[in-house]
Amino acid sequence: METKMVTLKINDISVTVPEGTTVLEAARSAGFNIPSLCFLKDINEIGACRICVVEVKGARSLVASCVYPVSEGMEVYTNTEKVQHSRRLTLELILSNHRMDCLTCSRSAHCELLQLAGDLGIDAVRYVPDNLMPRIEDSAPHLVRDNSKCVLCRRCTAVCRKTQEVGVIGPNDRGFATHIGSAFDRDLNEVDCVSCGQCIVACPTGALAEKDDTDKVWAALADPTKHVVVGPAPSIRVTLGECFGMPIGTNVEGKMVTALRRLGFDKVFDVDTAADFTIIEEGTEFLHRLQNGGALPLITSCSPGWIRYLEQHAQDMIPNVSSCKSPQQMFGSLVKTYYAEKMGIDPQDIVVVSIMPCTAKKYEVRREEQRLPNGCMPVDVSLTTRELGRMITKSGFLFDHLPDGEFDEMLGVSTGASVIFGATGGVMEAALRTVVEKITGAGMAPLEYREVRGMSGVKEASYELPGRTVRVCVASGLHNAKLVLDGVRNGSLHYDFIEFMACPGGCINGGGQPIQHADVRNFTDIKTLRAAALYQQDEGMTFRRSHENPVVQEVYQSYLGEAGGHKAHALLHCSYIKQKKYRT
Ligand code: SF4
Ligand code: SF4
Ligand code: SF4
C-alpha cells in the first residue's frame, strides 16, 4: 500500500514526511534537533519527561514531540522562548531531586543528563537537592542501582518488560516517593532478573552501572605470584574504540591487543579461539542428535542471559539446550588445563580475566556447574568492554596512537567463523560452515549463509542436505526468543537448530558494550555498523571455518582427543539446570 505523505511546517520550513511520523522525527529530518530524555525509539515512547516539548499552532499547551504525530498543515515551533523556559524549568525540577556527584560518577563522561543541562544552558542549580544520599542496591553480581541519580525516565523498565519480556523492575510508590525497583522492593538477586544489562545501556544517567570488577584485575596484575591471562570476546574488537571516541564500527583489534599487553597481562589470548572449540563441540552434538536421535531442535548455549532465562522461565526446554559451555567458559577451561599443563604452571596460580560484551558473564563465572575437574573455576574476573575502556584510560594510554599488536599464539588464533560470533546469526553461520561441510564433504559446502545475517529479531532458513532438510532459526532479544519457543511448543514452528542471544542484535549490542546516547541510538543503526565490521574482518581471514583453526586441530590432537569425547566433555561441557524461580 502506498504510504500517505503529510506536509507541515517546522520553524516556518515546509517538511513532507510519511503519515504517522512524530513531530520529533519530522523535525530531525528537517535538520532541527529537539532535546529529549525519556525517549528511546521503539522501546520507550511515553512522553513522560516533557523535555521534548514544542509549540504547535492552535494547541492549548505545549506538546511532547516524541509522541505527537504530524498532521497536514500543522505548524510547529521547536525553540521558542516559551519552549526553552519550559524545558529548563522541567530539567531544573529533575535536578532538584538528583544527587550530583559528577566528578566521581561512573557515567560522567557519557551522561545524557549532564549533556542536556549543558545544551539547555543550565548554569546554576536554583533548587538545590536537600542532602540527597546514595541509594544503592547492589545485591546482584552484575549491576548496581543508585536511585539518587534516577530521573524516572523508565527507559530501563521498558526495555526489561518489552524487549526482554522479563519485567522484573518498575516504578514503586507514588508521587515524590516514586522510585525504580523490583516488586515489593525486593533485591534484584531475589527476582528473576537474567543479568542481561540491557537496562544499563538504556539508562541516560549514572543510576545504573555494571558492578565494577576492575580492582580485582589491578590487584592480580600487581601480584607477582599470579600469572594473569586475558581474552577478549569476538565483539570487543569492534566496540572498544567507541570508548575513545572512534566511529561506531571501527575495528581496533591490534590496538586492543597492545593495550592489554601494556596493562601487564602475562598472556593476551583470544576468546575467538574458544568460540571455534564451541563450534566443534556444538556441531558434533548437533550431528549426533540429528543422526542418532536426541532432543531437537538443538538450542545454542553461548549466551548466559538466555541460559538464565531458560533455567527460570523456560525450564521445559532444558533438554534441548546444548551442553556446551559458553566460549568465555571454554576459554578459561582451556587456560587452566591445557595451557597450565603445557607451561607447567599450577592452575591455582593463574588468574583468567575475560573481556565481555555482557554483564550476564559476571553471573556466569560464579556458576558452580562450570567448575573444572581440577577444582578451579574457569574464569576469575569478567570485565565489560566499558570496564576495559576505563582501565586503559586510567593507564594514560593514548589509545588511537597505540601500534597494532598480535595475540599470543597458543590460544590466540581465530577464524572468520569465530569472529562473526559477535553478531546475531554468527554462531549459526559458524556452525553451518562446519556442519554442512561435515555432511556434504570438503569442497561441497557453501562458505557463507547470508540468510541468517542481519538485525531482524527472528530469522529462519532451511538447507537441503543429503538425506534431509535442516531447518534453522536465529532469534535475538528475549521477547523474540519467547515468540519462537511458544511456536515450537505449540507445533506451529519446526526447527532442527536454533540460536538464541539474550541481547537484541547479539553480543555487539550486549549490556556491557559502550553506551551511546539516545540521540545516537534513536537515529543510527549501531548494531548493523558494529556487525558490519565483524563480517568485514571475516572476509579477509585465512581460515574461515572453525575446524580449519590450527590451534583447535593441535589441541584436539595432543590433548583433548575426540571432539565430543570424554575429556572434551569433562572440560568443555556442563549441565544447565532448573534454577529457583522467584515471583516477579
Ligand atoms: S548521573 Fe550524570 S548528572 Fe548525575 S552525577 Fe552522574 S554524571 Fe552527574
Ligand atoms: S539486567 Fe536485564 S533482566 Fe535484569 S533488570 Fe536489567 S533488563 Fe531486566
Ligand atoms: S534507572 Fe536509569 S533508565 Fe531507569 S528510570 Fe532511572 S534514570 Fe531512567
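This is a predicted model: local features need pLDDT of at least 70, side-chain atom pairs count only at pLDDT 80 or more; totals for chains, interfaces and linings use all residues.
Residues are numbered from 1 along each chain as its sequence is written, chains are lettered from A and ligands numbered from 1 in the order in which they are written, and side-chain values use heavy atoms, with hydrogens and water left out.

The largest pocket has a volume of about 800 Å³. A pocket is an open set of points on a 1 Å grid over the protein atoms alone, where a 1.4 Å probe fits, with protein on both sides within 12 Å along at least five of seven lines. Grid points are joined across faces, edges and corners, and the volume is the space filled by probe spheres set on the points. The lining, made of residues with an atom within 4 Å of a point, comprises 38 residues. Ser106, Arg107, His110, Glu210 and Arg390 lie nearest the pocket centre. By class, 15 lining residues are nonpolar, 11 polar and 12 charged (Ala, Val, Leu, Ile, Met, Phe, Trp, Tyr, Cys and Pro count as nonpolar, Asp, Glu, Lys and Arg as charged, and the others, Gly among them, as polar). At least two lining residues come from each of β7 (143–146), β10 (208–210), α6 (214–222) and α12 (385–394), and α12 gives the most, with 6 residues. Helices (H or I, at least four residues) and strands (E, at least two) are DSSP runs numbered from the N terminus.

Strands β7 and β10 also belong to an open sheet of 3 strands, in the order β6-β7-β10 with antiparallel pairing. Because β6 (136–137) and β10 stand at the edges with a single partner strand each, one side of each is left without a neighbour in the sheet. The pairing of β7 and β10 (two strands pair if DSSP finds at least two bridges between them) runs over 3 bridges. Arg145 stands opposite Leu208 in β10.

Leu208 is also among the residues surrounding ligand 3 (a heavy atom within 4 Å), together with others including Cys150, Cys153, Cys156 and Cys203. The shell around ligand 3 has 10 nonpolar, 1 polar and 1 charged residues.

Elsewhere, β3 (residues 53–56) pairs with β4 (residues 63–64) in the antiparallel sense over 2 bridges, and Val53 stands opposite Ala64. Their hairpin has 6 residues between the strands, and Gly58 takes a positive phi near 95 degrees. Strand β3 is also joined by 2 bridges to β5 (residues 75–77), again antiparallel, with Val56 opposite Val76.
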